[in-house]
Amino acid sequence: MTVSQMRAAEAAMFDSGIEEWALMQRAGQGAADWIMRIGAGGPVTVLCGPGHNGGDGYVAAAALKARGVAVRVVAPTPSKTELARHAASTFDGEVLEDARDTSGSVFVDALFGIGLSRPLSDDHRALLTVLHASHRHSVALDVPSGVDADTGDGPDDLPAFDLTLAFGAWKPAHFSGRALAKIGVARLVDIGIGDQGAAMQLASPAKIPPPAFDAHKYTRGLVAVVGGAMPGATLLAARAAALAGAGYVKWLSEHDHPGHPPDLVRVDGALDGALSDTRIGCVLIGPGLGRDDQAKQRLEAALACGKSLVLDADALHLLRPAMIDGREASNMILTPHEGELARLCDAFGVKGDTKRERALALAERIGCAVLAKGPDTILAHDGQIRFFRPASRWLSVAGSGDVLAGVASARLAATRDPLDAACEAVHLHSDAARWAGAGFTAAMLAEAVHPALANLT
């Protein structure tokens, strides 16, 4: 939820008779459970602000002290609300006004959380930095102070936390935005807020079913990968598609390549004719396509064929409204990185202050699914947003996007559902990176799709 949605959900609970103090107790007690786990009973310092985030911190501090943990509170500013003052009164331990000579096992940031509507002051930023440096582990309550919960923006010099505890519901900043690296591991603390029907969700882990008993190569999904000026990229995407469960992969290319594997069928005839095959479940176009007039013609042919489509790389540079307006696009997935997303937004005349807003606006304008990839991958589809947990940073390698596009095309050919296909593709891609380990190439990543699929089946 956004901050305003969260406030509205809390207000509805209060109207139903649930006391605000009860929610604060649930948040603080839930935070204490996690802090105990990460600190293994070592000394804890809680930085409490003047508002409700500070109140959550005081409740957590009192719960930890009751469990025998050595805990102290740093409170540079007195509590300003009645509820926060009540929470502060429940903690009978040591309260300091500054962080001098303060160290320990766990530092807990309960300074501002989602309630801050202005930049951090220099004094507060310095206090966070000092306390973070003097403790072995760090935990932020709701979001690290200084991070905008709705946009994920925050100061570059904010320290990175080991664990961020979301109260009641995830916020966009837990999985997106410039400050995502500051969040660390994100975990949800249930405080009793049920499903509010929000349009944003964290994608559930993928579970990919095995082929049906009577499956054959066409029912499992025939993927047509459209080749172009640089055949190596399409070979990489085709390999990923095959290992992601496609029953049959065809390479529609006028050019051959020394790395052409024997199990990949190449079709070098007219593209229009090759795309007319009614058995094709999905067409992938973009990797290695090029950006000249011939590439544009091949893209137009793919758009006109009426099949499910995955558009990536060069296809996203060439795509213009005139190519797509009036066409049914609900069976299409676009896979732009940040720069490609910006170019598409310019081309289609859509705007947004955040990556989430831009992806959603573009998906609505075209009528397709937009898988905006990056360290904070976001899927926009039919007015809905799906967030994903951050994947291995080793995925930042040339060709990684080609592999993702190949995986997405295989899953779209199998499921015929852009939402399911895109979610499965992201999880497979992420799991493949885990199997590949550190320092892999895109070819190694494509091969790792095989054990990743087995792991998710």
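Visitor: Which residues does H381 contact, once its neighbours within four places in sequence are left aside?

Guide: This is a predicted model. In it, H381 is in contact with C368, A369, P418 and L419. H381 itself lies in strand 16, residues 378–381.

Visitor: Why is H381 called buried?

Guide: The relative accessible area of H381 is 18%. Buried means under 20%, so H381 with its 18% is buried.

Visitor: What makes D382 exposed?

Guide: D382 has 67% relative accessibility. Exposed means over 50%, so D382 counts as exposed. D382 is in the loop between strand 16 and strand 17 (384–387).

Visitor: What is the phi of D382?

Guide: Phi of D382 is near 55 degrees, which is positive, and the residue is not glycine. Most residues other than glycine have a negative phi.

Visitor: Which value does A313 have for phi, and where is A313?

Guide: A313, also not a glycine, has a positive phi of about 50 degrees. A313 sits in the loop between strand 13 (309–311) and helix 9 (314–318).

Visitor: Is A313 buried or exposed, and why?

Guide: A313 has a relative accessible area of 16%. The cut-off for buried is under 20%, so A313 is buried.

Visitor: Why does H255 count as partly exposed?

Guide: H255 has 40% relative accessibility. H255 belongs to the loop between strand 10 (248–252) and strand 11 (265–267). Not counting residues up to four places away in sequence, H255 touches G228 and R266. The C-alpha atoms of H255 and G374 are 31 Å apart, and the two residues are separated by 119 residues along the chain.

Visitor: Why is helix 6 called roughly parallel to helix 15?

Guide: Helix 6 (residues 231–243) and helix 15 (residues 442–456) pack at an angle of about 10 degrees, and their axes are 8 Å apart. Angles under 35 degrees count as roughly parallel, so the label applies to helix 6 and helix 15. On helix 6 the contact is made by L236, R239, A240 and L243, and on helix 15 by A442, A443, A446, E447, V449, H450 and L453. By class, this contact of helix 6 with helix 15 has eight nonpolar, one polar and two charged residues.

Visitor: How do you know that helix 3 and helix 4 are roughly parallel?

Guide: The axes of helix 3 (residues 52–66) and helix 4 (residues 82–89) cross at roughly 20 degrees and come within 8 Å. The limit is under 35 degrees, and helix 3 and helix 4 are therefore roughly parallel to each other. The crossing of helix 3 past helix 4 is left-handed. H52, G55, Y58 and V59 of helix 3 make the contact with L83, A84, A87 and A88 of helix 4. Six of these residues are nonpolar, two are polar and none is charged.

Visitor: Which residues have the most contacts inside the largest nonpolar core?

Guide: They are L311, M332 and L334, in a core of 53 residues. Leaving aside neighbours within four places in sequence, the contacts of L334 include L311, L316, L344 and I366. A second, separate core has 52 residues, among them A237, W251, L412 and A413.

How values were computed: Residues are numbered from 1 along each chain as its sequence is written. This is a predicted model: local features need pLDDT of at least 70, side-chain atom pairs count only at pLDDT 80 or more; totals for chains, interfaces and linings use all residues. Side-chain values use heavy atoms; hydrogens and water are left out. Axes are lines fitted to C-alpha atoms, for helices over the stretch in contact, and angles run from 0 to 180 degrees between N-to-C directions. Helices (H or I, at least four residues) and strands (E, at least two) are DSSP runs, numbered from the N terminus. Angles under 35 degrees count as roughly parallel, over 145 as roughly antiparallel, 65 to 115 as roughly perpendicular and the rest as oblique. Contact means heavy atoms within 4.5 Å. Ala, Val, Leu, Ile, Met, Phe, Trp, Tyr, Cys and Pro count as nonpolar, Asp, Glu, Lys and Arg as charged, and the others, Gly among them, as polar. A crossing is left-handed if the near helix is turned anticlockwise from the far one by less than a right angle, and right-handed if clockwise. A nonpolar core is a set of buried Ala, Val, Leu, Ile, Met, Phe, Trp, Tyr and Cys residues joined through side-chain atoms within 4.5 Å. Buried means under 20% relative accessible area, exposed over 50%, partly exposed in between (1.4 Å probe, protein chains only).
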